[in-house]
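Here is a short note to read beside the model. Please keep the structure open while you go through the points.

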Amino acid sequence: MMDSAVRSGGQVRTEGVEAAEAPSLETMLKAKYPNIHYHVFDAGSGYWRTRNDYPHYLLYQDGDKAKETLENWQPAGANPFYGSIDGRFIAPKEIRALGSVPPGSKAVVIHPKVQERMEQDPAYAQEIFARIDTWFAFDKARNEAIIPGSTWDMSQAVAIGEDGNICNACSSSGGGEITFSKSGSDDEESWWDLRMARHAEFMKLLVEKQIQRHIQASEAAASAAAKSQLASMLSGGRLQEIFGSEIAGVPTETVLAITQSRIWSGGAIF
């Protein structure tokens, strides 16, 4: 008797066939996000979070350019200025290049060892899919809850590290503004504080230039819906299970606690 075969209804299905028939992570992601850009390389570089000239826009392109450029990317010179001076938005060309990324784009980068493991273990592929899919929803909801109207054209990218956790993540608006995760090992502001500061600054510029895209009533409704979605996601401890122990080097429980504090001013939602 062979352990690798199961007979049912006159049919034989081997474990190998079952594994081959299981959808890959790329297949699952493209079924939900048809235009997602899927890459396989090591995207754990801290420059993703600290350099304003890191070329995130390459993540939203198919082909090998992202891997060839980003996997071993090194900065040249001082970190370029990114912000506003006298009401004028100033950013390096790499950030401005995000303005040409189609609104709502998605990108993922999978560490080669994770890719290899998923090809052998369909259950692990399902786990990584849930982590990425949930991050996209969570990140969009919390940005919308804080700055209503800011996510309608938001593009998102997430990188899975060697341990299967999220090692980097960023989002950008159609105007070229970018927010990104930050390592918890740096003795500076938390990455969430930096995200919020960058969002607030850019949205202030949008209002000043009178190119705000949504009326206040619509924004209020969007914010309320986002808060409701976040409350549901944060209840029951499910996010901790899905995301694992860390998000971009920060303990997951810290990210969730900061999110709750920022949006509900410390008020309990559980």
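1. Helices (H or I, at least four residues) and strands (E, at least two) are DSSP runs, numbered from the N terminus. This is a predicted model, in which local features need pLDDT of at least 70 and side-chain atom pairs count only at pLDDT 80 or more, while totals for chains, interfaces and linings use all residues. Residues are numbered from 1 along each chain as its sequence is written, and side-chain values use heavy atoms, with hydrogens and water left out.

2. Start in helix α7. W135 and F138 both lie there, three residues apart, about one turn of the helix. Both are buried (under 20% relative accessible area; exposed is over 50%, partly exposed in between; 1.4 Å probe, protein chains only).

3. These two rings form an aromatic pair. Rings of Phe, Tyr and Trp (its six-membered ring) pair if their centres lie within 6.5 Å; planes under 30 degrees apart are stacked, over 60 edge-to-face, the rest tilted. W135 and F138 are tilted, with 6.0 Å centre to centre and 50 degrees between the planes.

4. How many aromatic pairs does the structure hold? There are seven. One of them is Y47 with W73, edge-to-face at 5.7 Å and 75 degrees. Y47 lies in helix α3 and W73 in the loop between α4 and β4, so the pair ties together parts 26 residues apart in sequence.

5. Is W73 buried or exposed? W73 is buried, at 13% relative accessible area. Y47 is partly exposed, at 28%. Y47, W48, Y54 and W73 form one aromatic cluster.
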